[in-house]
Amino acid sequence: GINAEYGYFIQINLRKMSAADQNVQAVDLAQLPIPQLNQLRSQFEEEENMLTQSLAQLKGVQSRFVESQDCVAKISKKTLGKTVLVPLTSSMYVPGELADTETVLVDIGTGYHVKMTIEEAKSYFDRIIAYITKKMEVVQKNLVEKDKLRQVTTDILQLKLQAQVQQQQQQAS
């Protein structure tokens, strides 16, 4: 039967009224009725989509920090006085001259900028990139797990539907 083939149990968080009071319970997927399996599969698909979007956003943020880190790494005494493009808005730049190669202003979020030495900025970008990379690994791991759960749920659902069709055919004959 389905149990012997899959023997797959999942843990589902059953939330009570208060968020702090959580119960975790093992559920045998093969024992769930078809409507619940459909609902569970849809839930896993939604969670997969959300995790995929989160991963894409994290990759975008990570690439911006890597780009900033690369720019900071290119600043040296040799670049003093060189012409650079200074952003006035996200789509408008004006030419400027690099007047200081010892410090940079780093946007640390929500409109705050911090003056840092080149080494401090490199260290900051190293830390923030490592942090984002760890978060991406966690999201990727969760994404793989959700994909496995969705696939197992889909397989069990298909087996149950096939069994239901066979039962209906046997009753009809």
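User: Which side chain makes a polar contact with the side chain of R150?

Analyst: The model is a predicted one. In it, R150 lies in helix α3, which covers residues 118–172. Beyond residues up to four places away in sequence, R150 touches R41, F44, E45 and E48. Among these, the side chain that makes a polar contact with the side chain of R150, at 2.6 Å, is that of E48.

User: Is R150 buried or exposed?

Analyst: The cut-off for a buried residue is a relative accessible area under 20%. R150 has a relative accessible area of 18%, and therefore R150 counts as buried.

User: In which helix is E48 found, and what is the length of the polar contact that joins its side chain to that of R150?

Analyst: E48 is found in helix α2. E48 is buried, with a relative accessible area of 13%. Leaving out residues up to four places away in sequence, E48 touches L143, K146, D147 and R150. The polar contact between the side chains of E48 and R150 has a length of 2.6 Å.

User: How many aromatic pairs does the count come to, and which residues do ring pairs link into a cluster?

Analyst: The count comes to two aromatic pairs. One of them is formed by F65 and F125, with 6.1 Å centre to centre and 50 degrees between the planes, and is tilted. The ring pairs link into a cluster the residues F65, Y124 and F125.

User: Why does the pair of F65 and F125 tie together parts that are apart in sequence, and how many residues apart are they?

Analyst: F65 and F125 form a tilted aromatic pair. F65 lies in helix α2 (residues 34–74) and F125 lies in helix α3, so the pair ties together parts whose separation in sequence is 60 residues.

User: What is the geometry of the pair formed by the rings of Y124 and F125?

Analyst: F125 is buried, at a relative accessible area of 5%. The rings of Y124 and F125 have centres 5.4 Å apart, and their planes stand at 65 degrees. Planes over 60 degrees apart meet the cut-off, so the pair of Y124 and F125 is edge-to-face.

User: What are the relative accessible areas of F65 and Y124?

Analyst: F65 counts as buried, with a relative accessibility of 18%. Y124 is also buried, and the value for Y124 is 13%.

User: Which residues does M136 contact, leaving aside its neighbours within four places in sequence?

Analyst: M136 lies in helix α3 and counts as buried at 12% relative accessibility. The C-alpha atoms of M136 and Q62 are separated by 9.4 Å, although these residues are 74 residues apart along the chain. With neighbours within four places in sequence left aside, M136 is in contact with L55, L58, K59 and Q62.

User: What separates the C-alpha atoms of K122 and A73?

Analyst: K122 lies in helix α3 and is partly exposed, with a relative accessible area of 26%. Apart from neighbours within four places in sequence, K122 is in contact with Q69, V72 and A73. K122 and A73 are 49 residues apart along the chain, and their C-alpha atoms are separated by 7.3 Å.

User: Which residues form a nonpolar patch on the surface, and what is their accessible area together?

Analyst: L88 lies in the loop between β3 (83–87) and β4 (93–97). L88 is exposed, with a relative accessible area of 51%. The nonpolar patch on the surface is formed by V84, V86, L88, M92 and V94, with an accessible area together of about 370 Å².

User: What pattern does the protein chain follow along the sequence?

Analyst: The protein chain has three helices and six strands. Read along the sequence, these follow the pattern α-β-β-α-β-β-β-β-α.

User: What share of the accessible surface of the protein chain belongs to carbon and sulfur atoms?

Analyst: Of the 173 residues in the protein chain, 24% are buried. Among contacts between residues at least 6 apart in sequence, 54% join residues at least 24 apart. The accessible surface comes to about 12500 Å², and the share that belongs to carbon and sulfur atoms is 53%.

How values were computed:
Residues numbered from 1 in each chain as written. Predicted model: local features only at pLDDT ≥ 70, side-chain atom pairs only at ≥ 80, totals over all residues. Heavy atoms only, no water. Helix = DSSP H or I, 4+ residues; strand = E, 2+ residues; numbered from the N terminus. Buried < 20%, exposed > 50% of the residue type's maximum accessible area, 1.4 Å probe, protein only. Polar contact = N/O pair within 3.5 Å; in protein donor to acceptor, adjacent residues only side chain to side chain. Contact = heavy atoms within 4.5 Å. Phe/Tyr/Trp six-rings, centres within 6.5 Å; stacked < 30°, edge-to-face > 60°. Patch = residues over 30% accessible without salt bridge, like charges linked within 9 Å, V, L, I, M, F, W, Y side chains within 5 Å. Areas by Shrake-Rupley, 256 points an atom, 1.4 Å probe, with all protein chains shown as cover. Salt bridge = Lys/Arg side-chain N within 4 Å of Asp/Glu carboxyl O.
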